[in-house]
Amino acid sequence: MKPLNLNAAWLSTLLPEQFKFITSMRGAHFAYKFLFKKGHHLFIIGTSGSGKTQKAYFVLRWIKTTKEIPIWIDSAKNGEMLPLLTMGTPVNIICPKGCDVVISEWSKDESKYVRMKDHPTVVQVPDAGSAWWAVKKGHINIFCFRVAFSSDARAREWMAELFTTLSLWIRKNRMPHILPFALFGDESHWFLAGEKITSDYQRKVLSELITELSLEDRAHGARLVLMAQSYKSLPPASRENMIHSLVCRGCKVSPDENNALSPYNQYSSKYPANKGVFVYEGGYTYPRNEQDVGYPWPFPFFPMPPLKLEYKGEFDDPTPERAHEEELEQEITPDLSKYNALCQDLINYKIPATINRYEVINND
Ligand SMILES: Nc1ncnc2c1ncn2[C@@H]1O[C@H](COP(=O)(O)OP(=O)(O)OP(=O)(O)O)[C@@H](O)[C@H]1O
Ligand SMILES: [Mg+2]
């Protein structure tokens with residue numbers, strides 16, 4: 001493989017550390033075998049604290065250098081979406097209507113937390129399908145759904161609708177122009193079901209949907225990057241379709257489940273949190289084995305910025321004021337359905353003080 005057979009214009013957009021990595025043999029394999037292959041899923045597996053989320057930030061920082069739109073499904077755990085705000089790309093938060101996400105920073109002048117400068121855009125959507133319409137190109141998009149409902153069951157209903165609309169619209173060619181994209185699912189057990197957790201009906205539905213997504217939608221450029229503590233956290237048919245894996249500490253896979261990953265069982269318990277092995281399609285790795293330099297891979301660290309994150313409101317249990325506002329909105333505005341998200345830009349639009357009715361409108 002020729003490490004320097006890469007587009008010069010693209011190389012010029014990279015950070016120095018990214019340039020160094022991608023022009024090495026290890027980076028070239030990563031680029032040609034994974035990064036440039038739209039729809040190629042990745043499964044990041046490791047026990048708690050093994051560095052899965054950190055490795056996902058690394059992958060996302062690479063994805064955003066390509067034409068793929070990154071979409072991060074927020075786990076709402078320990079502010080884990082905040083490092084995404086430090087990547088030099090605008091962030092677009094998407095949450096259900098009636099909810100809000102507020103990020104504040106410490107103001108020395110005022111001695112208190114104030115809404116951060118350059119706050120990410122927050123788009124509130126009336127239903128799960130509209131979330132796809134709210135995704136913006138040139139942004140890191142974050143779906144903040146997990147704590148936006150009165151119960152986990154309601155949140156999973158929303159996720160089921162999200163995945164159903166995705167598969168249906170892709171099949172019917174009705175998706176907004178956001179493909180190719182990469183959908184990152186941290187703590188994916190909350191919206192997925194593997195062998196361990198299939199008791200409730202919704203989880204079963206979600207598990208079937210994610211399988212369909214991993215199988216069919218990849219051909220259209222929908223890539224999944226899922227993180228979980230065990231191989232079996234994903235439903236059987238979808239874990240078999242994950243194509244690539246990132247083995248972190250404590251990843252254990254039985255040989256009859258996946259014999260490309262099972263050889264790591266004897267080593268993975270020793271991997272520190274900043275290391276892991278990228279296992280490409282068919283079990284290929286580079287560097288090749290435990291004795292080689294740079295094996296397992298070292299990964300960079302993305303620190304938590306000093307910001308405060310607050311989630312507000314519940315979609316299905318609005319405050320009395322919000323319920324009243326919604327009633328008024330329904331009376332005066334037509335139902336724009338999926339176009340609601342697109343109308344967000346008009347929210348701060350100021351009507352001109354004077355309107356010249358006789359103004360000539362150029363017809364160019
Ligand atoms: N590349 C790295 N460099 C330095 N430290 C790291 C790196 N990756 C992870 N760590 C350390 O490991 C800790 C856990 O990392 P991370 O949150 O990514 O793990 P995780 O597998 O996602 O954990 P959980 O299952 O609890 O979500 C980090 O807070 C950090 O201290
Ligand atoms: Mg994590």
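**View 1. Strands β1 and β10 of the predicted model.** β1 and β10 are paired in the parallel sense through four bridges, where strands pair if DSSP finds at least two bridges between them. Helices (H or I, at least four residues) and strands (E, at least two) are DSSP runs, numbered from the N terminus. I44 has L246 of β10 as its bridge partner. The model is predicted, so local features need pLDDT of at least 70 and side-chain atom pairs count only at pLDDT 80 or more, whereas totals for chains, interfaces and linings use all residues. Residues are numbered from 1 along each chain as its sequence is written, with chains lettered from A and ligands numbered from 1 in the order in which they are written.

View 2. β10 and β11 run antiparallel and are joined by three bridges; L246 has F278 of β11 as its bridge partner. Both faces of β10 are covered, with H244 and L246 buried on one side and S245 and V247 buried on the other. A residue is buried if 20 or more other C-beta atoms, placed from the backbone, lie within 10 Å of its own.

**View 3. The open sheet.** Ten strands with mixed pairing follow the order β6-β3-β7-β2-β8-β9-β1-β10-β11-β12. β6 (121-125) and β12 (297-298) stand at the edges with a single partner strand each, so one side of each has no neighbour in the sheet.

**View 4. Helix α3 and its cover.** In α3 (residues 25-35), the buried residues are F30, A31 and F34. Seen down the helix axis, these buried residues of α3 fall within an arc of 115 degrees, and therefore line one face of the helix; the arc is that of the directions from the axis to the C-beta atoms. Their cover includes α2 (16-22), β1 (42-45), β10 (244-247) and β11 (275-279).

**View 5. The largest nonpolar core.** This core has 82 residues, and those with the most contacts inside it are I71, W72, I94, I142, C144, F184 and V247. Such a core is a set of buried Ala, Val, Leu, Ile, Met, Phe, Trp, Tyr and Cys residues joined through C-beta atoms within 7 Å. Beyond its neighbours within four places in sequence, W72 is in contact (C-beta atoms, placed from the backbone, within 7 Å) with L60, M81, L84, I140, N141, I142 and F184.

View 6. Among the 14 residues around ligand 1, G51, T53, A273, N274 and F301 come nearest; a residue is near a molecule if its C-beta atom, placed from the backbone, lies within 6 Å of it.

Technical notes:
Buried ≥ 20, exposed ≤ 12 C-beta atoms within 10 Å, placed from the backbone. Contact = placed C-beta atoms within 7 Å.
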